[in-house]
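Dear colleague,

Please find the structure below, handed over for your study. My notes on what was found in it follow directly after.

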Number of protein chains: 6
Amino acid sequence: MAKDWKSEATHLDKRMAALFKAAPKPMQGFQSLMGAASASGQLDTKTKELMALAIAITQHCEGCITFHTRQAIGHGASREECAEAIAVAVEMGGGPAVVYGAQALEAYDDLSS
Amino acid sequence: MAKDWKSEATHLDKRMAALFKAAPKPMQGFQSLMGAASASGQLDTKTKELMALAIAITQHCEGCITFHTRQAIGHGASREECAEAIAVAVEMGGGPAVVYGAQALEAYDDLSS
Amino acid sequence: MAKDWKSEATHLDKRMAALFKAAPKPMQGFQSLMGAASASGQLDTKTKELMALAIAITQHCEGCITFHTRQAIGHGASREECAEAIAVAVEMGGGPAVVYGAQALEAYDDLSS
Amino acid sequence: MAKDWKSEATHLDKRMAALFKAAPKPMQGFQSLMGAASASGQLDTKTKELMALAIAITQHCEGCITFHTRQAIGHGASREECAEAIAVAVEMGGGPAVVYGAQALEAYDDLSS
Amino acid sequence: MAKDWKSEATHLDKRMAALFKAAPKPMQGFQSLMGAASASGQLDTKTKELMALAIAITQHCEGCITFHTRQAIGHGASREECAEAIAVAVEMGGGPAVVYGAQALEAYDDLSS
Amino acid sequence: MAKDWKSEATHLDKRMAALFKAAPKPMQGFQSLMGAASASGQLDTKTKELMALAIAITQHCEGCITFHTRQAIGHGASREECAEAIAVAVEMGGGPAVVYGAQALEAYDDLSS
């Protein structure tokens with residue numbers, strides 16, 4: 001059956017909050033990195049989130065797919081843009097990227113509804 | 001509890017069909033690649049599917065394990081051949097390959113029953 | 001919802017036992033390797049299990065997180081030590097290690113309770 | 001000393017040509033996939049090449065860094081855009097992405113000169 | 001320029017011998033694992049070495065490509081069989097597998113000459 | 001021939017300095033993360049550097065092996081401790097970790113001389 005990506009996202013937030021509390025200094029460093037890396041610059045945040053999503057797919061990281069699909073949606077990424085980012089991931093990741101890319105598309109449909 | 005690999009396979013097929021519809025041209029390219037790579041040649045398709053399964057195990061890709069275990073079974077791979085492919089994956093992937101290899105064996109038993 | 005790491009661990013043990021039975025010789029080799037690698041030497045077993053856990057996080061291997069968190073707890077690793085190992089994994093693995101590190105912390109809390 | 005990325009690129013082309021000759025059908029499938037995945041659509045080719053570069057960095061693939069840096073330059077990517085793609089890779093890949101990202105920047109400077 | 005795979009292989013042997021001396025017990029475990037995993041059974045050693053080579057390509061491990069190409073040649077693998085194993089790796093690993101697969105073919109030509 | 005790890009380290013430093021200059025904000029975030037993750041706490045810095053080294057080996061990242069071997073040496077890690085960290089990496093990474101672990105040992109011998 002299809003995964004419930006919304007409750008997945010909610011649980012991920014809770015888990016990450018617990019980690020931030022357990023390791024505050026390293027996690028603050030990570031947050032600075034993430035904030036600076038995804039800030040709008042020569043490339044806008046939407047593009048960077050699609051980039052992070054494509055990496056997440058090739059990294060086989062379901063939680064990251066949840067996180068960055070939600071971020072991409074929040075910054076206005078369309079389903080078509082998402083599908084094109086998935087295609088780049090498939091070019092760079094082969095069969096496993098098809099599997100995780102198909103999850104990303106399902107996540108997009110669920111999290112944007 | 002043991003995973004229900006058959007319904008996993010069914011859902012994977014559905015998810016991948018959605019991705020093929022969303023990104024038809026890249027996915028046609030991938031299908032040509034997959035078709036040509038797994039076609040019987042100097043090595044037969046069964047061997048190639050076991051090879052893909054061994055890679056899937058070292059890639060930590062559960063969906064790929066589902067897919068290629070089913071393919072290997074469809075091309076006549078025995079449980080013993082499957083176990084030997086898993087062993088090569090363990091040689092090349094260490095502990096994580098034990099974990100995913102053990103899933104592959106469970107998938108074999110479920111999908112071949 | 002939070003994962004039930006205890007039943008996850010139980011099922012993992014069962015799955016791995018099936019693999020040991022299906023491929024006894026390679027698995028005996030793996031067990032010798034694992035036994036020798038985790039034996040107390042210049043570094044003690046607790047430290048080595050935390051090291052294996054940090055690797056498991058960067059490898060995105062949930063079953064390995066289950067296994068090595070349980071081992072680390074069994075050798076007396078505290079929650080704080082576990083959080084510090086997770087932080088090293090985040091340094092070496094970025095965002096995906098945050099996701100899997102957060103799982104490891106949840107696993108610690110569940111398996112040590 | 002700094003790597004000579006131009007001669008690296010030349011040798012890569014030669015090696016890949018040999019592979020295309022040895023396995024023409026799978027490689028034609030891969031080329032269709034790559035062509036379709038990098039074609040301009042909702043996202044333009046420059047953006048897609050930067051995306052592929054970011055993935056290459058997190059995949060620790062030096063030849064891919066060579067290839068996609070050259071492609072990104074060919075489609076007009078600036079050094080600043082390249083640096084931002086590297087930053088996303090570091091967010092998603094941690095320390096190893098710093099190492100390979102630093103290679104990508106050196107490759108950019110060499111291949112664009 | 002083309003890599004000198006023969007001297008690469010020689011240096012790899014020397015490096016690994018040093019590791020076996022520095023960590024004899026874990027390395028004996030690994031050797032038992034490798035010996036059992038590659039022993040002829042339902043699948044013959046040549047096939048298993050090609051499988052290990054395909055995994056090495058998707059793992060982006062140049063030393064492993066050197067090692068398992070040499071082993072595959074030693075067990076009678078033809079250039080065509082090698083190219084077919086590379087194609088399976090490309091199916092499962094995308095662009096990076098093209099890069100490392102092209103290295104494997106070069107290694108085959110060098111090590112078999 | 002054996003690699004010259006000292007000049008490797010020098011060039012790595014230069015490359016990373018260029019990246020820090022090109023992407024100052026994300027790199028400052030990464031530095032905060034790295035500083036906090038490797039700071040002495042429940043586990044001391046030497047142990048954390050050996051942990052990072054073990055991860056670097058399983059990540060197949062030669063530059064990271066250079067970096068963290070040097071760090072581990074700087075914090076007093078002995079060759080025996082290094083060999084034990086390599087063994088944990090082999091347990092968790094199989095054959096490719098043997099290859100990269102053997103590099104780490106060579107790096108230790110070169111960088112500590």
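How many salt bridges does the count come to over all chains? The count comes to 42, where a salt bridge is a side-chain nitrogen of Lys or Arg within 4 Å of a carboxyl oxygen of Asp or Glu. Please note that this is a predicted model, in which local features need pLDDT of at least 70 and side-chain atom pairs count only at pLDDT 80 or more, while totals for chains, interfaces and linings use all residues. Residues are numbered from 1 along each chain as its sequence is written, chains are lettered from A and ligands numbered from 1 in the order in which they are written, and side-chain values use heavy atoms, with hydrogens and water left out.

Salt bridges

In general, side chains of opposite charge can pair when their charged atoms come close. In chain B, Asp109(B) and Arg79(B) form a salt bridge with an N to O distance of 2.7 Å. Asp109(B) is partly exposed at 32% relative accessibility, and Arg79(B) is partly exposed at 29%; buried means under 20% relative accessible area, exposed over 50%, and partly exposed in between (1.4 Å probe, protein chains only).

Another salt bridge joins Arg15(F) and Glu106(D), with the closest N and O atoms 3.0 Å apart. This pair crosses between chains, from helix H1 (residues 5-22) of chain F to helix H5 (residues 79-111) of chain D. Helices are DSSP runs (H or I, at least four residues), numbered from the N terminus. Arg15(F) is buried at 12% relative accessibility, and Glu106(D) is buried at 13%.

In chain E, the side chains of Glu81(E) and Lys46(E) meet in a salt bridge of 2.7 Å, N to O. Glu81(E) belongs to helix H5 and Lys46(E) to helix H3 of chain E, 35 residues apart. Both Glu81(E) and Lys46(E) are buried. In chain A, a network of salt bridges links Lys3(A), Glu8(A) and Glu62(A).

Chains A and D

The size of an interface is often given as the accessible area lost when the parts come together. Chain A and chain D bury about 2600 Å² between them, 72% of it on carbon and sulfur atoms; buried area is the accessible area (1.4 Å probe) that two parts lose on being put together, summed over both. On the side of chain A, Met51(A), Glu91(A) and Met92(A) lose the most area to chain D, together 26% of what that side buries. In contact (heavy atoms within 4.5 Å) are 31 residues of chain A and 31 residues of chain D. There are two salt bridges between these chains. Lys48(A) pairs in a salt bridge with Glu84(D), the closest N and O atoms being 3.1 Å apart.

Most residues other than glycine have a negative phi. His60(D), however, has a positive phi of about 60 degrees. His60(D) lies in the loop between helix H3 (45-58) and helix H4 (62-74) of chain D, and is buried, with a relative accessible area of 9%. In chain E, His60(E) has a positive phi near 60 degrees and counts as buried at 9% relative accessibility.

Finally, Gln103(B) is found in helix H5 (residues 79-111) of chain B and is buried, with a relative accessible area of 8%. Leaving aside neighbours within four places in sequence, Gln103(B) is in contact with Trp5(B), Glu62(B), Ile65(B) and Arg15(C).

With kind regards

Key:
Helices (H or I, at least four residues) and strands (E, at least two) are DSSP runs, numbered from the N terminus.
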